[in-house]
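My entries follow the order in which I looked things up.

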Amino acid sequence: MKKSKQIVTDSDRYCIFCGKSTEAEHHLLFGNKRALAEKDGLKVPICNNCHNTGPVLSRIHDNPMAEILSKMLGQAIYEAKIGTREDFRRRYGKSYL
Ligand SMILES: [Zn+2]
Ligand SMILES: [Zn+2]
């Protein structure tokens, strides 16, 4: 399957959090919502450290507050560029905002 283009940031070259070179993509909505986020381009360039290999307070995954903020950002971008809150709720099953 062809990968989608992310619609969140201007550049794919640098980690959105720390500015290091991109090593991965983080899907703003993940787990069982990851495939939908892939289709919608709701993902950001990220380095491995900020994604899932760094200290837990410096990364997204397994860091509860960061994981919630990620979902909120995903919804905010969806509502800014794709559809309404009701559309988001229908597609992703709930609203994070
Ligand atoms: Zn980083
Ligand atoms: Zn991720």
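What covers the buried residues of H3? I noted that this is a predicted model. The cover of the buried residues of H3 includes helix H1 (34-40) and H4.

Entry on H3. I looked up which residues of H3 are buried and found Ser70, Lys71, Gly74, Gln75, Ile77 and Tyr78. Seen down the helix axis, the buried residues of H3 fall within an arc of 160 degrees, so they line one face of the helix. On the face turned away from the buried side, I found the exposed residues Met65, Ile68 and Ala80. I also checked the span: H3 has 18 residues and reaches 26 Å from its first C-alpha to its last, close to the 26 Å expected at 1.5 Å a residue.

Entry on the core. The largest nonpolar core has 14 residues, and Leu28, Leu29, Leu42, Ile46 and Cys50 touch the most other members. Strand S2 (43-46), helix H3 (64-81) and helix H4 (85-92) each give two or more residues to this core. I then listed what Leu28 touches beyond four places away in sequence: Ala37, Leu42, Lys43, Val44, Ser70, Lys71, Leu73 and Gly74.

Entry on Ala24. Ala24 lies in strand S1 (residues 24-27). Leaving aside neighbours within four places in sequence, Ala24 is in contact with Ile46, Asn48 and His51. The C-alpha atoms of Ala24 and Asp12 are 9.8 Å apart, with the two residues 12 apart along the chain.

How values were computed: Residues numbered from 1 in each chain as written. Chains lettered and ligands numbered in written order. Predicted model: local features only at pLDDT ≥ 70, side-chain atom pairs only at ≥ 80, totals over all residues. Core = buried A, V, L, I, M, F, W, Y, C linked by C-beta atoms within 7 Å. Buried ≥ 20, exposed ≤ 12 C-beta atoms within 10 Å, placed from the backbone. Helix = DSSP H or I, 4+ residues; strand = E, 2+ residues; numbered from the N terminus. Contact = placed C-beta atoms within 7 Å. Expected span 1.5 Å × (residues − 1). Arc of directions from axis to C-beta.
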